[in-house]
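Please examine the structure shown here together with its sequence. The paragraphs that follow lead from the surroundings of a ligand to the strands and then to the core.

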Amino acid sequence: MALEFPIQPPSSYAGESEPVKRPKEFACFSYDKDHKFRLDDSSLKWYYPPVVGANLSNGYDTFIKHDESKDEHLDSLLKTIASHEQQTGGPIDAHIVTWRGMLTKIMATPYDDEGFEMNATLYRDCIFIEENHAFKEQKRQIEIARDQKRQQENNRRGHWNPPSVMQFWGYKFETLSTIPRPWGETTREYIESRDDEVVSNKEQYCSVVRTGFGKSVVCLGGEVDAIWDAKPETPGQPINWVELKTSAEIRSHNDQFKFDRKLMRYWIQSFLLGVPKIIVGFRTQGGILSQVEEFKTLSMPEDVKRRNTAKWDGNVCIKFTSLFLEWLRQSISDGGVWRIKRESKSAHIELFKVEEVGHGSIITDEFMNWRIKL
Ligand code: A3P
Ligand code: MG
Ligand code: MG
């Protein structure tokens, strides 16, 4: 039998806001050029403004794209947590461990119709949550088929950018806006030749933070695109992270509405890891970078409210998430693997068991062997 958590209209989560902790990075890891795990910050990139007028389609033919069909579970996050625990000699104090992307979905739920599926398991007083990869893969295949069909239809009419090209624009913008060392250590030649760099999405820097919603302590891992200056000397101090995004130019009230709605996702994503600045590269229909604008994560909800366009309230997202996580912690009280599922447009999130015992593939043997020693 499934348990159900109701999704009420946003107004019912308004009012007094929940206490939230500022996310603090306590560990990090990188994926190198071959997407190999490294327990360091070697893939960290620095922000350096791109040249307006660049063609974001440049280099599409040589794009090195990571294969998303493989399920990576929580493996890299668990490796990083285990290493941190080896240093401190004790387990982290989180009630929930997951990727940032999972909490992004939960936080957006009061305003979003999107369906999702996750797997969760309780292990030593902590709930570990991963995406249900089969569901994600199924959605991806449906999108590929739909895009192929649209491409065939549009080939006859022209003026249509395939999603694969539009996705490339996002990674190209990252390549055009970052350097692998602080600017003082990077040569002008390198900075000026960024347009010739081969674009790849295999390399990543991931921050692992401790944060909180209401009474729940949460450990999240997520990719950070770049840093503005340098990490502070003292651990736990705010870090000047930069999130990079591309978006279509705003030319009408309707465009502004759509953009302000998109800002909710940008805001949630950045809020969760404590990223203070979002840099948006606006582009033409044809993928030419036409303007670069900086947004402050902290003031974003108020800024959108003032424009009176898309209606979303950051406090509602936070309150909903606090209540949901509390419910989840009360509901997942024994072993096995649980499914957290929201059907598209549904007014509730379901929770039911899919495996009676064990932890599925959510927790690695390596992590369990380490924890046994603690
Ligand atoms: P844009 O966001 O500029 O379009 P992120 O913004 O999270 O750092 O992701 C970088 C890029 O990955 C995105 O650039 C987009 O190209 C691609 N991307 C991220 N999430 C995606 C998704 N759900 N579907 C398709 N592409 C995605
Ligand atoms: Mg990114
Ligand atoms: Mg980005």
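Gln167, Gly170, Tyr171, Phe173, Asp225, Lys245 and Thr246 surround ligand 1, each having its C-beta atom, placed from the backbone, within 6 Å of the ligand. This is a predicted model, in which local features need pLDDT of at least 70 and side-chain atom pairs count only at pLDDT 80 or more, while totals for chains, interfaces and linings use all residues. Residues are numbered from 1 along each chain as its sequence is written, and chains are lettered from A and ligands numbered from 1 in the order in which they are written.

Two elements, α4 (163-177) and β12 (241-248), each supply at least two residues of this shell; α4 gives the most, with four residues. Helices (H or I, at least four residues) and strands (E, at least two) are DSSP runs, numbered from the N terminus.

Strand β12 is mostly covered, with six of its eight residues buried, that is, with 20 or more other C-beta atoms within 10 Å of their own. β12 pairs with β11 (residues 226-227) in the antiparallel sense over two bridges, and pairing requires at least two bridges found by DSSP. With β13 (residues 277-283), β12 pairs in the parallel sense over seven bridges. Within that pairing, serine 247 has phenylalanine 282 of β13 as its bridge partner.

The largest nonpolar core holds 78 residues, among which Ile96, Val97, Phe128, Leu220 and Ile268 touch the most other members. Helix α6 (residues 253-273) contributes the largest share of this core, eight residues. Such a core is a set of buried Ala, Val, Leu, Ile, Met, Phe, Trp, Tyr and Cys residues joined through C-beta atoms within 7 Å.

Note on methods: A residue is buried if 20 or more other C-beta atoms lie within 10 Å of its own, exposed if 12 or fewer, and partly exposed in between; C-beta atoms are placed from the backbone.
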